[in-house]
Amino acid sequence: MSKVTKCMCEECHYNENYNCHADGIEVRSSGDNKIETSDGTCCNTFKPKSMM
């Protein structure tokens with residue numbers, strides 16, 4: 001299993017100095033169309049920094 005280390009979402013609770021510290025992540029497509037690039041995906045693990 002690959003380890004996710006890079007996170008560019010500064011507003012995410014799990015982002016510490018651009019490193020992801022979540023125990024695991026869930027990535028989903030962000031629309032109904034066939035996904036061909038990372039632009040069509042979203043991290044479903046995201047939690048705003050203010051929530052936790």
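**Contacts, strands and cysteines**

Mentor: Among contacts in the protein chain between residues at least 6 apart in sequence, 30% join residues at least 24 apart. Keep in mind that this is a predicted model.

Trainee: Which pattern does the protein chain follow along the sequence?
Mentor: Start with the elements: the protein chain has zero helices and four strands. Read along the sequence, the pattern is therefore β-β-β-β.

Trainee: How many disulfides are there by the distance rule?
Mentor: A disulfide needs two cysteine sulfur atoms within 2.5 Å. By that rule, the count is zero. Cys7 is in no disulfide, as its nearest cysteine sulfur, that of Cys12, is 5.2 Å away.

Trainee: Is Cys7 buried or exposed?
Mentor: The cut-off for buried is under 20% relative accessible area. Cys9, at 29%, is partly exposed. Cys7 has a relative accessible area of 14%, so Cys7 is buried.

Trainee: What share of the 52 residues of the protein chain counts as buried?
Mentor: The same cut-off of under 20% applies to each residue. Of the 52 residues, the buried share is 15%.

Trainee: Which residues make the nonpolar surface patch of about 220 Å²?
Mentor: Ile25 lies in the loop between strand E2 (19-20) and strand E3 (27-29). Because its relative accessibility is 36%, Ile25 counts as partly exposed. The patch is made by Val4, Ile25 and Val27.

Methods. Residues numbered from 1 in each chain as written. Predicted model: local features only at pLDDT ≥ 70, side-chain atom pairs only at ≥ 80, totals over all residues. Heavy atoms only, no water. Patch = residues over 30% accessible without salt bridge, like charges linked within 9 Å, V, L, I, M, F, W, Y side chains within 5 Å. Areas by Shrake-Rupley, 256 points an atom, 1.4 Å probe, with all protein chains shown as cover. Salt bridge = Lys/Arg side-chain N within 4 Å of Asp/Glu carboxyl O. Helix = DSSP H or I, 4+ residues; strand = E, 2+ residues; numbered from the N terminus. Buried < 20%, exposed > 50% of the residue type's maximum accessible area, 1.4 Å probe, protein only. Contact = heavy atoms within 4.5 Å.
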